[in-house]
Amino acid sequence: MPRETEADEVGGSREDPARMLHHAAGLRRFSRRGFLIGAGSASVLAGDMLFTRRVQAERRVNKILRVPDDTADKYFPQASWFLFPGYKTGWEEGQWILNALRGALNKRGQLAAVGYSNVGLDIDKIVIAVVEYTRARKLSTLYFYGHSFGGMVATQVAARLRELHGIEVAFVLLDSSPSSRYDVLDPSWFEGVVFLYENGFRFPTVLRGGYELGERMLHKNERSWGQVLDQTLEQLSPIAPSSVLIQSESAYIYHFDPRRFAGKLGGTRMAFIGNPRDATVDYESARDAWGFIFKDNMASDSLRTFGARPAHASPGWSPFVYRPLIEELQDELFPLPSGGGKRTAF
């Protein structure tokens with residue numbers, strides 16, 4: 001019996017090193033794989049953090065984003081369009097809209113978009129950015145494109161430019177722009193945001209996903225599923241507008257009163273375009289309010305963006321609808337010098 005026990009013990013001692021080596025080899029393989037995965041994930045995360053930090057640092061100021069165009073640069077060296085982006089529209093999307101409308105806009109001026117600061121919407125600083133850009137490029141003719149709520153901003157900036165700097169804007173195009181919060185069909189989606197913002201609460205970025213998706217789902221009839229997904233993901237990327245900027249935009253819409261700027265635009269011409277099927281802004285209410293308050297400036301309010309999807313302010317998604325309307329307005333309000341019976345800039 002002792003010998004068997006001894007043999008068992010010896011046998012056991014012989015198997016233990018083999019078993020340990022086997023486990024060690026597996027652990028080594030696992031550790032190497034885990035290390036590589038962990039290191040790779042850490043590198044991606046670090047790169048994303050550095051990129052995000054760089055983007056956030058750059059976008060703490062308002063910036064005029066020029067979109068180069070050889071035709072416009074050559075034939076209109078002293079004229080420029082300024083796109084005032086809509087609610088939650090980032091720098092890249094503003095440039096994308098200009099590129100989509102390039103074939104129409106470049107027939108009267110160069111192309112530039114206003115990049116709002118992620119620190120928050122500040123009209124005075126936007127005015128300064130426009131003035132500096134205008135003077136640096138020796139521009140004499142300014143055209144403003146107000147994309148959705150950007151029409152409110154464009155109108156106020158135009159009034160401030162004339163009042164404070166003696167710069168008169170030739171044209172303000174209002175694309176589905178509400179004249180006040182009363183034109184917004186469902187104000188509940190931003191009233192809560194305004195309440196939190198004005199009480200010092202900043203909407204955490206980590207909660208943006210559900211908020212963004214929910215807002216678009218409310219207006220699903222205006223969008224395809226692809227657009228719902230694309231627009232939601234855009235708001236979750238590092239280059240999206242900050243939550244603070246979005247909250248300040250909401251507060252701006254909530255308190256905007258166009259009557260403060262009535263009679264302060266001088267000879268600026270205005271036009272309103274929109275879609276009666278708009279489920280975000282009341283088309284008739286907005287059109288009538290702008291026309292009544294700025295009756296001395298309003299040159300056109302009858303052009304409609306039928307066929308655009310989404311129905312609300314979608315020049316980037318539906319340029320084939322928008323370009324002909326813009327060209328029609330430009331030919332009517334700002335005809336080019338004619339030669340041989342045909343209008344041409346060339």
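This is a predicted model: local features need pLDDT of at least 70, side-chain atom pairs count only at pLDDT 80 or more; totals for chains, interfaces and linings use all residues.

A: E198 belongs to helix 6, which covers residues 188-198. When neighbours within four places in sequence are left aside, the contacts of E198 are A251 and H255. One of these, A251, is 53 residues away from E198 in sequence, yet the two C-alpha atoms are 7.9 Å apart in space.

The loop that joins strand 5 to helix 6 contains S176. This residue is not a glycine, but its phi is positive, at about 60°. Most residues other than glycine have a negative phi, and most peptide bonds are trans. S176 is also buried, because its relative accessibility is 2%, below the limit of 20%. K88 likewise has a positive phi, of about 65°, without being a glycine. It is found in the loop between strand 2 (79-84) and helix 3 (91-105), and with a relative accessible area of 3% K88 is therefore buried. As for peptide bonds, the one from R309 to P310 is cis, with omega near 0°. P310 is placed in the loop between strand 7 and helix 11 (319-333).

Strand 5 and strand 7 also take part in the surroundings of helix 10. Within helix 10 (residues 283-293), the residues Y283, A286, R287, W290, G291 and I293 are buried. These buried residues pack against helix 5, strand 5 (171-175), strand 6 (269-273) and strand 7 (298-300).

Two packed helices are described by the angle between their axes and the distance between the axes. Helix 4 (residues 123-136) packs on helix 5 (residues 150-165) at an angle of about 65°, and their axes are 10 Å apart. Helix 4 is therefore roughly perpendicular to helix 5. The crossing of helix 4 past helix 5 is right-handed. Helix 4 contributes I123, D124, I126, V127, V130, V131 and R135 to the contact, and helix 5 contributes V153, Q156, V157, R160, L161 and H165. Sorted by class, the contact comprises 8 nonpolar, 2 polar and 3 charged residues.

Conventions:
Residues are numbered from 1 along each chain as its sequence is written. Side-chain values use heavy atoms; hydrogens and water are left out. Axes are lines fitted to C-alpha atoms, for helices over the stretch in contact, and angles run from 0 to 180 degrees between N-to-C directions. Helices (H or I, at least four residues) and strands (E, at least two) are DSSP runs, numbered from the N terminus. Angles under 35 degrees count as roughly parallel, over 145 as roughly antiparallel, 65 to 115 as roughly perpendicular and the rest as oblique. A crossing is left-handed if the near helix is turned anticlockwise from the far one by less than a right angle, and right-handed if clockwise. Contact means heavy atoms within 4.5 Å. Ala, Val, Leu, Ile, Met, Phe, Trp, Tyr, Cys and Pro count as nonpolar, Asp, Glu, Lys and Arg as charged, and the others, Gly among them, as polar. Buried means under 20% relative accessible area, exposed over 50%, partly exposed in between (1.4 Å probe, protein chains only).
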